[in-house]
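Hi everyone, thanks for making time this morning. Please have a look at the sequence and the structure on the screen, and then I'll walk you through a few spots.

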Amino acid sequence: RAYQALTTLTEVHQTSSALEAMAAVIYPVIRAGNFEGGGSHVSDLMELTLSGIDANDLPKTWATLRFYTVLLSGIPLIPIPDACPVGSDPEKHEVARATADAFADWAFRFLDQTFSFIANHNSMA
């Protein structure tokens, strides 16, 4: 349901609610051992929530930024080597590596969206 709420164009109130709910639960979801598939959703959620930075909807923007704050406090923001460390699960290592690799591209899109927000918000004032 969270994916549906993030992509809806007709029921925009669902987006803010979904972002608030995800901010409340994302940290335990991405922690190792709590939910096996949690890490595999990080890249998709980061991409889907970029549109939440919107100069026309400040509550949605704050909910998006809160979600990013919680999410980014729980994932490593350093490059992860290709080689899986001894004793680690190769599948989990690959998910973590792919997420870290996708972060650089997402960071540029996040900055573009943020600068667009600032430009549009200043022109509205």
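Let me start with a term: by a polar contact I mean a pair of N or O atoms within 3.5 Å, where, within protein, one must be able to donate a hydrogen and the other to accept it. Keep that cut-off in mind, and keep in mind too that this is a predicted model.

With that term in hand, here is a first example. A polar atom of the Thr 49 side chain sits 2.7 Å from the backbone oxygen of Leu 45.

The protein has 5 helices and 0 strands, so the pattern along the sequence reads α-α-α-α-α. Of its 125 residues, 29% are buried. If you take the contacts with a separation of 6 or more, 62% of them come from residues 24 or more positions apart.

Now for the helix pairs. Two packed helices are described by the angle between their axes and the distance between the axes. Let's do that for H2, which is residues 13-30, and H3: their axes come within 13 Å and cross at roughly 160 degrees. That makes the two helices, H2 and H3, roughly antiparallel, since the angle is over 145 degrees. Their crossing is left-handed. On the H2 side, the contact uses Leu 19, Met 22, Ile 26 and Ile 30, and on the H3 side Val 42, Leu 45 and Thr 49. Sorted by class, the contact of H2 with H3 has 6 nonpolar residues, 1 polar and no charged.

On to the next pair. How do H3 and H4 cross, left-handed or right-handed? The crossing of H3 and H4 is left-handed. H3 covers residues 42-49 and H4 covers residues 58-72, and their axes come within 11 Å at a crossing angle of roughly 155 degrees. H3 and H4 are therefore roughly antiparallel to each other. The residues that meet are Val 42, Leu 45, Met 46 and Thr 49 from H3, with Thr 64, Phe 67, Tyr 68, Leu 71 and Leu 72 from H4. In the contact of H3 with H4 you will find 7 nonpolar residues, 2 polar and no charged.

You'll have noticed Thr 49 in the H2 contact and again in the H4 contact. So why does Thr 49 count as buried? Its relative accessibility is 1%, and buried means under 20%. Beyond its neighbours within four places in sequence, Thr 49 touches Leu 6, Leu 19, Met 22, Thr 64, Phe 67 and Tyr 68.

Let me show you another threonine, Thr 61, which lies in helix H4. Thr 61 is buried, with a relative accessible area of 1%. A polar atom of the Thr 61 side chain is 2.8 Å from the backbone oxygen of Asp 54. Setting aside neighbours within four places in sequence, the contacts of Thr 61 are Gly 52, Ile 53, Asp 54 and Phe 117.

Last stop: Asp 112, which belongs to helix H5, residues 90-124. Is Asp 112 buried or exposed? Asp 112 is exposed, at a relative accessible area of 55%. Along the chain, Asp 112 and Leu 50 are 62 residues apart, and their C-alpha atoms are separated by 9.8 Å.

That's my tour, and I'm glad to hear your thoughts.

How values were computed: Residues are numbered from 1 along each chain as its sequence is written. This is a predicted model: local features need pLDDT of at least 70, side-chain atom pairs count only at pLDDT 80 or more; totals for chains, interfaces and linings use all residues. Side-chain values use heavy atoms; hydrogens and water are left out. Axes are lines fitted to C-alpha atoms, for helices over the stretch in contact, and angles run from 0 to 180 degrees between N-to-C directions. Helices (H or I, at least four residues) and strands (E, at least two) are DSSP runs, numbered from the N terminus. Angles under 35 degrees count as roughly parallel, over 145 as roughly antiparallel, 65 to 115 as roughly perpendicular and the rest as oblique. A crossing is left-handed if the near helix is turned anticlockwise from the far one by less than a right angle, and right-handed if clockwise. Contact means heavy atoms within 4.5 Å. Ala, Val, Leu, Ile, Met, Phe, Trp, Tyr, Cys and Pro count as nonpolar, Asp, Glu, Lys and Arg as charged, and the others, Gly among them, as polar. Buried means under 20% relative accessible area, exposed over 50%, partly exposed in between (1.4 Å probe, protein chains only).
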